[in-house]
Amino acid sequence: MLLTNLEVVPGRRIVAHYGLVQGSTVRAKHVGRDIAASFKNVFGGELKGYTELLNDSREEATARMVAQAQAMGANAILNIRFATSSVAVGAAELFVYGTAVALE
Amino acid sequence: MEIFLIQLIGPLAIAGVLLTVGFFSGRYLEKKHYASIIARETAPDQVMVFATRLPPPELPAPATQLVSGSVVISADYFKRFIAGLRMLIGGRLNTYESLLDRARREAILRMQEEAKALGATQIFNVKLETMSIGGRNPNSISCLEVLAYGTAIIPRN
């Protein structure tokens, strides 16, 4: 599966469009990480635990989108966008969407 | 009277310690972070980053790959205190400006590192996404996440 956030793939022709595909996941933060984060709130700096957590969640959302595209018979997803929203205090939704296409 | 004084001094002393610790550690970390950002940004073989939608057409067509970089960064206690004071009178929040600047530059650098590991020379259509991960108060930006993503152009030899 070819993933890109361009509208075209250089040197390849699109033979079929399958429409919008999306993947999302809602994650809550973990108490242990929250305690570490509250110390960081005094000292400042990067919260590595949260960076990892959000990266893992984003990978999961992408995997869901890819599974949806594969089920349609696509071999590439173009014009991918990431969106994030906090749905509740301490929880975030990570959303990814794009256009599923078949390339020759 | 004495009990009243102790009750008053206790929280003030704690706040004072937190402010001092926050001020010095925050300043130290920011200086260190900026030094590292500048060193990596000015590295001679750094991947070029463009916000342009499409790469120029070239032959043979290069391979493409989605790359991203993200960072979650927190303000220190001192910065948050200053911002709290600033919000009474309005105006520029210098302390948060530098925080956002650092986070964005760091996210872009991480994206560049990922692209470099793939053998890319350029990244096109770069998008930046910012989210605040509030603490108990959703209106305060106690920590924020910045995500940078784009398409890496990997030349074929």
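Predicted model: local features only at pLDDT ≥ 70, side-chain atom pairs only at ≥ 80, totals over all residues.

| Helix pair | Axis separation | Crossing angle |
|---|---|---|
| α1(B) and α2(B) | 6 Å | about 110° |
| α2(B) and α3(B) | within 9 Å | roughly 130° |
| α1(B) and α3(B) | within 10 Å | roughly 40° |

Take α1(B) and α2(B) to begin with. Their axes pack at an angle of about 110°, and angles of 65 to 115 degrees count as roughly perpendicular, so that is the label for α1(B) and α2(B). On the α1(B) side, the contact uses B:Ala15, B:Leu18, B:Leu19, B:Gly22, B:Phe23 and B:Glu30, while α2(B) brings B:Tyr77, B:Phe78, B:Lys79 and B:Phe81. Sorted by class, that gives seven nonpolar residues, one polar and two charged.

Next come α2(B), which spans residues 77-89, and α3(B), whose axes cross at roughly 130°. That makes the pair oblique. Here B:Lys79, B:Arg80, B:Ile82 and B:Ala83 of α2(B) touch B:Thr95, B:Tyr96, B:Ser98 and B:Arg102 of α3(B). The contact of α2(B) with α3(B) has three nonpolar, two polar and three charged residues.

That leaves α1(B) (residues 2-41) and α3(B) (residues 94-117), with axes crossing at roughly 40°. These two helices are therefore oblique to each other, and their crossing is left-handed. From α1(B) you'll find B:Glu30, B:His33, B:Tyr34, B:Ile37, B:Ile38, B:Arg40 and B:Glu41, meeting B:Ser98, B:Asp101, B:Arg102, B:Arg105, B:Glu106, B:Leu109 and B:Glu113 from α3(B). What classes of residue make up this contact of α1(B) with α3(B)? Eight are charged, four nonpolar and two polar.

One α3(B) residue in that contact, B:Asp101, is partly exposed at 29% relative accessibility.

In soluble globular proteins, nonpolar side chains tend to be buried together. The largest nonpolar core in this model counts 20 residues, and B:Val67, B:Leu99, B:Ala103, B:Met111, B:Ala115, B:Ile123 and B:Leu144 have the most contacts inside it. Which elements of chain B each supply at least two residues of this core? They are β2 (63-74), α3, β3 and β4 (143-154). Of these, α3(B) gives the most, with six residues.

Zoom in on B:Ala115 for a closer look. Setting aside neighbours within four places in sequence, B:Ala115 is in contact with B:Val47, B:Val67, B:Ala120, B:Ile123 and B:Ala152. Apart from this core lies another, made of 15 residues, including A:Met65, A:Ile80, B:Leu66 and B:Tyr149.

Most residues other than glycine have a negative phi. A:Asn79, though, has a positive phi of about 55°, and so does B:Asn125, with a value of about 55°. A:Asn79 is in strand β4 (residues 76-88) of chain A, and B:Asn125 is in strand β3 (residues 122-133) of chain B.

Are these two asparagines buried or exposed? A:Asn79 is partly exposed, with a relative accessible area of 26%, whereas B:Asn125 is buried at 0% relative accessibility.

Terms used. Residues numbered from 1 in each chain as written. Chains lettered and ligands numbered in written order. Heavy atoms only, no water. Axes fitted to C-alpha atoms, helices over the stretch in contact; angles between N-to-C directions. Helix = DSSP H or I, 4+ residues; strand = E, 2+ residues; numbered from the N terminus. Parallel < 35°, antiparallel > 145°, perpendicular 65-115°, else oblique. Left-handed = near helix turned anticlockwise from the far one by under 90°. Contact = heavy atoms within 4.5 Å. Nonpolar A, V, L, I, M, F, W, Y, C, P; charged D, E, K, R; others polar. Buried < 20%, exposed > 50% of the residue type's maximum accessible area, 1.4 Å probe, protein only. Core = buried A, V, L, I, M, F, W, Y, C linked by side-chain atoms within 4.5 Å.
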